[in-house]
Amino acid sequence: MLRSLIIYLSKAEWMRQRVMRWKIARKVVLRFVAGEKLSEAIKIIKELNSESIFATLDQLGEDTKNAEQARQTAEDIILILNAISEAEINSSLSLKLSQIGLLLDETICEENLSLILSRAQELGIFVRIDMEDSPCVDATMRVYWKMRKEHGFDNVGMVIQSYLYRSEKDTEELLAGDTRIRLVKGAYKEPEEVAYPSKRDVDNAFDRLTKMMLDHAKQESSPAVSDDGRWPPITAVASHDEDRINYAISYAQTNGIPKEKLEFQMLYGIRRGLQKELVQKGYPVRVYVPFGSEWYPYFMRRLAERPANLWFFISSLFKG
């Protein structure tokens with residue numbers, strides 16, 4: 001019930017305007033968001049890199065309103081790619097297709113994504129397409145496969161959400177195309193017709209999908225993380241749940257899968273101690289580093305994921 005309420009509020013314009021005016025809210029948000037400026041995010045990634053942690057950089061924003069705004073966002077993302085290259089940081093890039101026109105027209109989205117991937121290819125940077133809520137999944141998949149099959153880009157990967165019933169089939173198809181996958185549980189409120197309603201079922205699905213991805217990693221041709229950290233391996237387990245992480249480690253060890261073929265991904269500001277522990281064990285760790293002024297929807301989804309995040313926020317508000 002609480003999670004559903006927070007997700008509802010994440011889409012409520014009246015709540016967005018109110019929260020974004022609170023100075024204390026902006027202060028607390030810095031636990032999860034690497035500032036509103038690109039330069040602030042670059043500085044944080046350099047700090048992460050100094051601790052042998054890779055990053056994926058994401059400019060927050062979604063649901064662009066017109067074609068001009070979508071194109072401007074694409075051009076902004078290209079500037080981010082240039083900044084990654086110029087700063088020589090160990091980072092890939094993440095984006096949502098709704099930022100660059102998916103909900104307006106798939107053709108517009110494809111044109112913008114092609115421009116982004118072309119520049120990323122020139123710079124040797126990998127780009128991850130974030131998955132959004134279930135109404136966007138089919139369109140996101142169509143655009144991804146067009147980039148791979150019609151445009152010939154191999155520097156692009158996908159996200160799979162374990163709470164969707166369809167994800168095993170999608171994962172099978174993506175792995176057949178050697179897609180680099182980030183596996184997450186899912187952060188949107190979905191109807192029971194399309195998603196597992198219970199945490200246990202979501203966790204079990206997560207482990208099944210992890211196994212599928214690691215079975216692919218057994219293949220000699222399956223790539224490991226790149227030395228510069230800009231390209232992840234096929235298998236990226238994105239979770240702060242230690243049971244899910246331990247399952248992945250155990251299965252990989254039992255099957256002789258090299259550590260560099262299993263990457264763990266986490267969110268900026270969450271479980272820093274666990275990130276460092278995994279690095280010390282020799283596993284690649286990548287932190288999702290979001291930045292930008294449109295932080296409200298992202299921030300609210302982080303509150304919905306873990307009650308501890310919500311109580312941290314509320315206690316900070318009362319402390320002033």
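Trainee: Where does Glu 88 lie?
Mentor: Glu 88 lies in the loop between helix H5 (67–87) and strand E2 (91–96). Helices (H or I, at least four residues) and strands (E, at least two) are DSSP runs, numbered from the N terminus. Keep in mind that this is a predicted model, where local features need pLDDT of at least 70, side-chain atom pairs count only at pLDDT 80 or more, and totals for chains, interfaces and linings use all residues. Residues are numbered from 1 along each chain as its sequence is written, and side-chain values use heavy atoms, with hydrogens and water left out.

Trainee: What is the phi of Glu 88?
Mentor: Glu 88 has a positive phi of about 55°, although it is not a glycine. Ser 52 isn't a glycine either, and has a positive phi of about 65°. You'll find Ser 52 in the loop between helix H4 (38–50) and strand E1 (54–59).

Trainee: Why is H6 called oblique to H7?
Mentor: Helix H6 (residues 106–123) and helix H7 (residues 137–149) pack at an angle of about 45°, with their axes 10 Å apart. That angle makes H6 oblique to H7, because under 35 degrees counts as roughly parallel, over 145 as roughly antiparallel, 65 to 115 as roughly perpendicular and the rest as oblique. Axes here are lines fitted to C-alpha atoms, for helices over the stretch in contact, and angles run from 0 to 180 degrees between N-to-C directions.

Trainee: Which residues of H6 and H7 make the contact?
Mentor: Contact means heavy atoms within 4.5 Å. Among the residues making it are Leu 113 and Leu 117 of H6 and Val 143 and Met 147 of H7.

Trainee: What makes H7 and H8 roughly parallel?
Mentor: Their axes come within 13 Å and cross at roughly 5°. H7 and H8 are therefore roughly parallel to each other. Val 137, Met 141, Tyr 144 and Trp 145 in H7 meet Asp 170, Glu 173 and Leu 174 in H8.

Trainee: How many cavities of 30 Å³ or more are there?
Mentor: The count comes to 2. A cavity is a set of points on a 1 Å grid over the protein atoms alone where a 1.4 Å probe fits but cannot get out; lining residues have an atom within 4 Å of a point. The second largest cavity has a volume of about 30 Å³, a volume being the space filled by probe spheres set on the points, which are joined across faces, edges and corners.

Trainee: Which element supplies the largest share of that second cavity's lining?
Mentor: E4, with 3 residues.

Definitions and conventions. On a 1 Å grid over the protein atoms alone, a cavity is a set of points where a 1.4 Å probe fits but cannot get out, and a pocket is an open set with protein on both sides within 12 Å along at least five of seven lines; lining residues have an atom within 4 Å of a point.
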